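Please look over the model shown here before reading on. The points below take up helix packing, strand pairing and confidence in turn.

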Amino acid sequence: MGFLTRQFSLPARQEGEEELEMIDQRRLPADYDPSNFDPTEHRSPPSDRVFNLVDEVSGLTLLEISQLSAIIMKKLGMKEAPVVGVMKPGSVGVMNMKSSSAASAKEENKPEKTVFELKLEAFEAASKIKVIKEVRSFTDLGLKEAKDLVEKTPTVIKAGVTKEEGEQIIEKMKALGAKVIME
C-alpha cells in the first residue's frame with residue numbers, strides 16, 4: 001500500500017499555483033521541443049499507392065461512393081452501416097435512403113386505430129368535484145380512486161374506448177371545464 005507523504009524539504013505551494021506533472025526526461029526523444037512537437041512527425045509518410053487511392057476516391061461521384069461502400073461492407077461481412085454519433089449543434093441528422101424508405105413504407109401499412117385512450121390534460125379548479133363525478137360515471141371507480149386519478153392530472157382516465165364513445169366523453173368533460181384528449 002502506498003502512503004501519501006509530504007516532502008518537508010520543498011517550499012510550500014502558494015494559493016492558486018498549479019502542481020506541475022513530473023515528466024521522465026529519459027523517455028522523451030532527444031530532439032523534443034514542446035513548442036513545435038508534432039506527434040505524427042515520427043510516422044513514415046504514406047506510400048504512393050495510398051496517395052493514388054486518395055486521388056481516385058476523391059474523384060468518385062456520390063453514386064459510385066455508395067456502391068463502393070456496399071462492396072466494402074460485403075467484403076468485411078458487415079450487415080448494417082456503422083452509425084456515426086457526432087453532430088454539430090444546429091445541424092440536421094441525415095438518414096440513409098434505405099431506412100427512410102422503409103420507415104415510410106411502415107407508416108403506409110399501419111392500420112387505422114380503432115381503440116383509444118382518453119387522457120385528462122387539465123381542468124378548472126372550480127369544477128374539480130364535477131369532473132370527479134363525471135369520471136366516476138364512465139369508469140367503475142369509487143370516489144377516492146376517482147379523486148386520486150383526477151388529482152394525478154395529466155393521466156389516462158379511460159383506456160380501450162371506441163372513437164364515438166371517446167368523443168362523447170370528451171364533449172361532456174369539455175362542458176365541465178376539463179381538457180381531455182384522445183390518443
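1. Start with helix 4 (residues 128-138) and helix 5 (residues 143-151). Their axes come within 9 Å and cross at roughly 120 degrees. Axes here are lines fitted to C-alpha atoms, for helices over the stretch in contact, and angles run from 0 to 180 degrees between N-to-C directions. Helices are DSSP runs of H or I with at least four residues, strands are E runs of at least two, and both are numbered from the N terminus.

2. Basis of the note. This is a predicted model, so local features need pLDDT of at least 70 and side-chain atom pairs count only at pLDDT 80 or more, while totals for chains, interfaces and linings use all residues. Residues are numbered from 1 along each chain as its sequence is written, and side-chain values use heavy atoms, with hydrogens and water left out.

3. Helix 4 contributes K128, V131, I132, V135 and R136 to the contact, and helix 5 contributes L143, A146, K147, L149, V150 and E151 (contact means heavy atoms within 4.5 Å). These residues divide into 7 nonpolar, no polar and 4 charged. Ala, Val, Leu, Ile, Met, Phe, Trp, Tyr, Cys and Pro count as nonpolar, Asp, Glu, Lys and Arg as charged, and the others, Gly among them, as polar.

4. Helix 4 also packs on helix 6 (residues 163-175), at about 165 degrees with axes 10 Å apart. The two are therefore roughly antiparallel (angles over 145 degrees). Their crossing is right-handed. V131, E134, V135 and F138 of helix 4 meet I169, K172 and M173 of helix 6. By class, that contact has 5 nonpolar, no polar and 2 charged residues.

5. Now the strands. Strand 1 (residues 116-123) pairs antiparallel with strand 2 over 5 bridges (pairing needs at least two DSSP bridges). L120 has T155 of strand 2 as its bridge partner. Strand 1 is also joined to strand 3 (residues 178-182) by 5 bridges, again antiparallel. There, A122 stands opposite K179.

6. A159 lies in strand 2 (residues 155-161). Leaving out residues up to four places away in sequence, A159 touches F116 and E117. Its C-alpha is 9.7 Å from that of M182, 23 residues apart along the chain.

7. Confidence. The chain averages a pLDDT of 75, and 62% of the residues score at least 70 (pLDDT is the predictor's confidence in each residue, from 0 to 100). Residues 93-99 stay under 50, and the model has 2 contacts for them beyond four places in sequence.

Technical notes
Parallel < 35°, antiparallel > 145°, perpendicular 65-115°, else oblique. Left-handed = near helix turned anticlockwise from the far one by under 90°.
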